[in-house]
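Q: I have just opened this entry and would like a short walk through it. Can we start once it is on screen?

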Amino acid sequence: MFSYCTDPAALSGFNWLSCYLTTGKHMNLYYSVGTVLLLLAITAPTALAFGFGGASAARSGVATLRWIGKAYISIVRGVPDIAFFLFFVIALDQVFEYIRHRWKCPDWEEAIYQGNDFVVCAQAKLPLGNAPQWQHETYGFILAVLTFAIVFGAFAANVLFGAMRAVPKAQLETAAAYGMTQRQINRRVLIPQMWVYALPGLSNLWMVLIKATPLLFLLGVEDIVYWARELGGTKTPQFTDYPHGDWRIWYFAALLIFYLLFTKVSEVVLDRIMARLTHGQATAAGEAQRKAAA
């Protein structure tokens with residue numbers, strides 16, 4: 001905080017704006033940008049892991065695994081995202097607390113489900129009632145990552161399942177004819193080649209994931225959209241040293257620029273990854289590279 005910010009009423013112009021943009025609530029806005037980026041950095045590989053597991057299960061020769069994989073893909077993709085975010089997190093939280101309740105309070109005699117109330121012993125609460133605030137925020141963030149990963153993992157599983165089926169079957173049969181085991185075929189032939197077919201779909205999924213981050217507010221995480229709405233609303237002198245009118249249009253315009261720049265950078269990075277993966281491959285993109293180099 002600047003030293004001249006002690007009396008905002010006496011400031012004007014650039015000095016007033018610089019003090020206004022460095023208040024504690026604005027710092028929370030800047031921190032929330034980091035929260036969104038951290039969510040994406042953790043969720044993307046986690047969702048990809050869920051997706052790879054779901055796609056592998058859907059292709060499994062074991063009927064039970066195949067049914068589980070296809071059910072995961074179909075059910076999660078068929079439920080509206082907002083409904084999943086509203087209700088799944090509550091159910092996931094209750095599952096964790098139920099397990100802890102059975103473990104920590106085996107002598108509990110009251111009913112856990114009492115009408116619409118879910119009642120567990122105090123020791124089973126997540127986090128504990130006397131836990132510091134950062135633990136509550138971290139727990140909420142972990143639930144958000146799990147929810148995003150499960151939802152987008154189902155879409156990733158569908159993309160990867162199609163990409164695995166797109167790898168020429170003749171190559172898999174040739175590898176088997178050379179005496180490779182199924183694990184070797186998957187590791188050396190199927191998985192390296194499937195990314196060429198999967199990347200366009202995964203690229204679109206990454207863009208959708210970026211645009212879905214505002215759903216964080218449904219999970220109790222104070223994201224950039226929450227703070228933009230909070231800070232942009234009309235503020236009167238009675239409640240703040242920095243009164244102003246309805247500035248939400250400016251805050252949301254800043255968010256628009258942020259998301260457009262982020263998606264543009266993502267497009268550039270994904271295009272380079274695609275060019276690297278298709279180099280020398282017998283695909284349309286690989287053929288275009290060969291013609292361009294000729």
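Contacts and overall build

A: In the protein chain, 65% of the contacts with a separation of 6 or more are between residues 24 or more positions apart. Contact means heavy atoms within 4.5 Å.

Q: What kind of model is this, and how are residues numbered?
A: It is a predicted model, where local features need pLDDT of at least 70, side-chain atom pairs count only at pLDDT 80 or more, and totals for chains, interfaces and linings use all residues. Residues are numbered from 1 along each chain as its sequence is written, and side-chain values use heavy atoms, with hydrogens and water left out.

Q: How many helices and strands does the protein chain have?
A: There are 10 helices and 2 strands. The pattern along the sequence is α-α-α-α-β-β-α-α-α-α-α-α.

Q: What is the radius of gyration of the protein chain?
A: The protein chain has 25 Å, while a compact globule of 294 residues would be near 19 Å. The radius is taken over C-alpha atoms, and the globule rule is 2.2 Å times the number of residues to the power 0.38. Along its principal axes, the C-alpha trace spans about 80 × 70 × 30 Å.

Q: And how much of the protein chain is buried?
A: Buried residues are 36% of the 294. Buried means under 20% relative accessible area, exposed over 50%, and partly exposed in between (1.4 Å probe, protein chains only).

Q: What about the accessible surface?
A: The accessible surface of the protein chain is about 17,500 Å², and carbon and sulfur atoms hold 64% of that. Such areas come from the Shrake-Rupley method with a 1.4 Å probe; for residues, only the protein chains shown count as cover.

Q: Switching to charges: how far apart are the mean positions of the positive and negative ones?
A: The 23 positive and 18 negative charges have mean positions 17 Å apart. Lys and Arg count as positive, Asp and Glu as negative, and His and the chain ends are not counted. Each charge is placed at NZ of Lys, CZ of Arg, CG of Asp or CD of Glu.

Q: How many aromatic pairs are there?
A: The structure holds 8 aromatic pairs. One of them is Phe-148 with Phe-152: the ring centres are 6.1 Å apart and the planes are at 5 degrees, so this pair is stacked. Rings of Phe, Tyr and Trp (its six-membered ring) pair if their centres lie within 6.5 Å; planes under 30 degrees apart count as stacked, over 60 as edge-to-face and the rest as tilted.

Q: Where do Phe-148 and Phe-152 lie?
A: They are 4 residues apart in helix H5 (residues 133–166), so about one helical turn separates them. Phe-148 is buried at 0% relative accessibility, and Phe-152 is buried at 3%.

Q: Why does the pair of Phe-152 and Phe-155 count as tilted?
A: Because the planes of Phe-152 and Phe-155 are at 45 degrees, with ring centres 6.5 Å apart. These two also lie in helix H5, 3 residues apart, about one turn of the helix. Phe-155 is partly exposed, with a relative accessible area of 27%.

Q: Which residues form an aromatic cluster?
A: Trp-206, Phe-258, Tyr-259 and Phe-262 form one.

Q: What does Phe-50 touch, beyond its neighbours within four places in sequence?
A: Phe-50 is in contact with Tyr-72, Ala-149, Ile-150 and Gly-153. Phe-50 lies in helix H2 (residues 24–58) and is partly exposed at 32% relative accessible area. Phe-50 and Gly-153 are 103 residues apart along the chain, yet their C-alpha atoms are separated by 4.9 Å.

Q: And Leu-255, buried or exposed?
A: Leu-255 is buried, at 10% relative accessibility. Its place is in helix H9 (residues 248–278). Not counting residues up to four places away in sequence, Leu-255 touches Ile-224, Val-225 and Ala-228.

Q: Last topic, peptide bonds: which form does the one from Leu-126 to Pro-127 take, cis or trans?
A: That bond is cis, with omega near -15 degrees. Most peptide bonds are trans. Pro-127 lies in the loop between strand E2 (117–118) and H5.
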